[in-house]
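Hi,

Here is the structure I promised to pass on.

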Amino acid sequence: MDAPRRAAAAVARLNEGVGRVASWLLLAMTLLCAYNAVARYLGRFVGENLTRNWLLEAQWYLFAAVFLLGAPATLAADRHVRVDVLYSRLSPRGQAWVDVLGTLLFLLPLCVFGIALAYPAVRDSWAIWEQSPDPGGLPRAPVKTLLPLGLLLLALQGLAMLPDKLAALTSSRAGRRP
């Protein structure tokens, strides 16, 4: 196995593992959402707030983690959103072209731009250990870090998929299947 394929396999394994963590975070988020909803409803009857700001913030922190850390694994599993009405009608070579051009023209620039924009806010948040403005809220630096981390993993997954997509283009040209 050549170096690019070994690197691609390592990235795929990394993102698969991160995706498994995200799937468990999804369970935690669902349970926390259910608790917050029930506690808010029951709190009206007992006349006391049964939930806390940190629980509500943890709920949306978990949502951010699931979305940002699950996206690279979703891309690796080819389960991401695309306009299949058009894509499914293309030949394997046409699909490879869409994947290569989409990765190079949209995915990678979006990831680089997002990381560049997020980095100063993340750096500053860690520098002052930014806290939620709500009483009893959570620190903001960890959740802000998820944005560049998720985009980095997504960019790495896009790069890891390129060798196979490019191979599909060259093998299709020669009349062979990838």
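Bear in mind that this is a predicted model. I started with the charged pairs: searching the whole structure turns up 7 salt bridges.

One of them joins E16 and R20, with N and O 2.9 Å apart. These two sit 4 residues apart in helix α1, so about one helical turn separates them. Both ends are partly exposed, E16 at 49% relative accessibility and R20 at 48%.

K165 and D99 also pair up, at 3.0 Å from N to O. Here K165 belongs to helix α5 and D99 to helix α4 (residues 92-128), so the bridge ties together parts 66 residues apart in sequence. D99 is buried, at 11% relative accessible area, whereas K165 is partly exposed at 24%.

Then there is D124 with R123, whose closest N and O atoms are 3.2 Å apart. D2, R5 and D164 are linked in a salt-bridge network.

On to helix α1 itself, residues 3-46: its 44 residues should span 64 Å at 1.5 Å each, and the end C-alpha atoms are 63 Å apart, which agrees. Its buried residues include A8, V11, N15, V18 and G19. Just after the helix, G47 has a positive phi of about 75°.

Last, L151, which lies in helix α5 (residues 141-173). With a relative accessible area of 12%, L151 is buried. Leaving aside residues up to four places away in sequence, L151 touches C111, G114 and I115. Its C-alpha is 15 Å from that of A12, 139 residues away along the chain.

Cheers

Methods
Residues are numbered from 1 along each chain as its sequence is written. This is a predicted model: local features need pLDDT of at least 70, side-chain atom pairs count only at pLDDT 80 or more; totals for chains, interfaces and linings use all residues. Side-chain values use heavy atoms; hydrogens and water are left out. The expected span of a helix is 1.5 Å times one less than its number of residues. Buried means under 20% relative accessible area, exposed over 50%, partly exposed in between (1.4 Å probe, protein chains only). Contact means heavy atoms within 4.5 Å. A salt bridge is a side-chain nitrogen of Lys or Arg within 4 Å of a carboxyl oxygen of Asp or Glu.
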